[in-house]
Amino acid sequence: MLLALFLFFGAVVLWVFRPGARRTYQSTAGIPFRHEDRPAAASAPAEAQAGKDLPK
């Protein structure tokens with residue numbers, strides 16, 4: 001079982017560091033910085049409604 005888990009781990013590491021994966025992971029890593037100027041717009045009506053319920 002230990003050998004199987006080690007081989008699985010090695011396969012995952014090789015898959016992540018394959019030559020064509022850089023663009024995919026760079027895009028994913030940049031998600032927190034996509035809205036530097038302003039917050040993201042509310043994507044669901046429930047989120048928009050939640051802001052109306054807050055006291056001013």
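Here is a walk through the structure shown above, from its overall layout to one helix and its surface.

This is a predicted model, in which local features need pLDDT of at least 70 and side-chain atom pairs count only at pLDDT 80 or more, while totals for chains, interfaces and linings use all residues. Residues are numbered from 1 along each chain as its sequence is written, and side-chain values use heavy atoms, with hydrogens and water left out.

Let's start with confidence. pLDDT is the predictor's confidence in each residue, from 0 to 100. The mean for the protein is 77, and 64% of its residues reach 70 or more. Helix 1 has the highest confidence, at 96, whereas helix 3 (residues 45-52) has the lowest, at a mean of 52. Where pLDDT is low, the predicted coordinates should not be read in detail.

Now the layout. The protein has three helices and zero strands, giving the pattern α-α-α along the sequence. Helices (H or I, at least four residues) and strands (E, at least two) are DSSP runs, numbered from the N terminus. Of the 56 residues in the protein, 2% are buried; here buried means under 20% relative accessible area, exposed over 50%, and partly exposed in between (1.4 Å probe, protein chains only). The accessible surface comes to about 5700 Å², and 67% of that belongs to carbon and sulfur atoms. Such areas come from the Shrake-Rupley method with a 1.4 Å probe, and for residues only the protein chains shown count as cover.

On the surface, Phe 8, Phe 9, Val 12, Val 13, Trp 15, Val 16, Phe 17 and Tyr 25 form a nonpolar patch with about 850 Å² of accessible area together. Patch residues have over 30% relative accessible area and no salt bridge, and nonpolar side chains (Val, Leu, Ile, Met, Phe, Trp, Tyr) are joined within 5 Å, like charges within 9 Å. A salt bridge is a side-chain nitrogen of Lys or Arg within 4 Å of a carboxyl oxygen of Asp or Glu. Helix 1 (residues 2-16) gives the largest share of the patch, six residues.

Two of these deserve a look. Val 12, in helix 1, is partly exposed because its relative accessible area is 37%. Trp 15, also in helix 1, counts as exposed because its relative accessibility is 54%. Beyond its neighbours within four places in sequence, Trp 15 is in contact (heavy atoms within 4.5 Å) with Ala 21 and Tyr 25.
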